[in-house]
Amino acid sequence: MSSVHVAPVGDLIEHDTSGENDCVCGPSSRPVKGDDGSVGWVVTHASLDGRELTEGESG
Ligand SMILES: [Zn+2]
């Protein structure tokens with residue numbers, strides 16, 4: 001099984017893209033089916049600088 005990491009470039013932290021789901025940002029992974037029928041994983045990392053956040057946290 002292979003995994004593909006999608007991590008923000010130039011983020012505040014260095015994302016660990018060597019493990020399956022082992023980064024400090026708490027990435028989410030989902031299975032994807034390749035053209036050859038094999039199933040891999042896409043690990044989507046979250047950016048910690050808030051660029052993906054559209055909602056402010058209360059507090
Ligand atoms: Zn990460």
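1. Buried residues make up 20% of the 59 residues in this chain, where buried means under 20% relative accessible area, exposed over 50%, and partly exposed in between, using a 1.4 Å probe and protein chains only. A word on where this comes from: the model is predicted, local features need pLDDT of at least 70, side-chain atom pairs count only at pLDDT 80 or more, and totals for chains, interfaces and linings use all residues. Residues are numbered from 1 along each chain as its sequence is written, and side-chain values use heavy atoms, with hydrogens and water left out.

2. Now for the surface and the contacts. The chain exposes about 4,500 Å², of which carbon and sulfur atoms supply 49%; accessible areas come from the Shrake-Rupley method with a 1.4 Å probe, and for residues only the protein chains shown count as cover. Among contacts with a separation of 6 or more, 44% link residues 24 or more positions apart, a contact being heavy atoms within 4.5 Å.

3. Helices (H or I, at least four residues) and strands (E, at least two) are DSSP runs, numbered from the N terminus.

4. The three strands form an open sheet with the order S1-S3-S2 and mixed pairing. Two strands pair if DSSP finds at least two bridges between them. S1 and S2 stand at the edges with a single partner strand each, so one side of each has no neighbour in the sheet. From one strand to the next, the twist averages 25 degrees; axes here are lines fitted to C-alpha atoms, for helices over the stretch in contact, and angles run from 0 to 180 degrees between N-to-C directions.

5. Take the antiparallel side next. S2 and S3 are joined by six bridges and form a hairpin with five residues between them, including Gly37 in the turn, which has a positive phi of about 90 degrees. Bridge partners you can look up include Ser28 with Thr44, Ser29 with Val43 and Pro31 with Trp41.

6. Trp41 is worth a look of its own. This residue is found in strand S3 and is partly exposed, with a relative accessible area of 26%. Trp41 and Pro31 are 10 residues apart along the chain, and 4.5 Å separates their C-alpha atoms.

7. On the parallel side, four bridges join S1 to S3. Here Val6 stands opposite Thr44 in S3, and Thr44 is also the bridge partner of Ser28.

8. Which residues hold the zinc ion? Its protein donors are His15 (ND1), Cys23 (SG), Cys25 (SG) and His45 (ND1), at 1.9 to 2.4 Å. Donors are N, O and S atoms within 2.8 Å of the metal (3.2 Å for Na, K and Ca); water is not among the atoms, so sites may look incomplete. The angles among the four donor atoms are 107 to 112 degrees, and the site is tetrahedral. Four donors count as tetrahedral if all angles lie between 85 and 135 degrees.

9. Finally, see how the zinc site relates to the fold. The donor residues are spaced H-x7-C-x1-C-x19-H in sequence. Cys23 lies in the loop between strand S1 (3-6) and strand S2 (28-33), and His45 in the segment after strand S3 (39-44), so this pair ties together parts 22 residues apart in sequence. Cys23 counts as buried at 9% relative accessibility, and His45 counts as buried at 2%.

Notes: Tetrahedral: all angles 85-135°; square planar, octahedral: opposite > 155°, others 65-115°.
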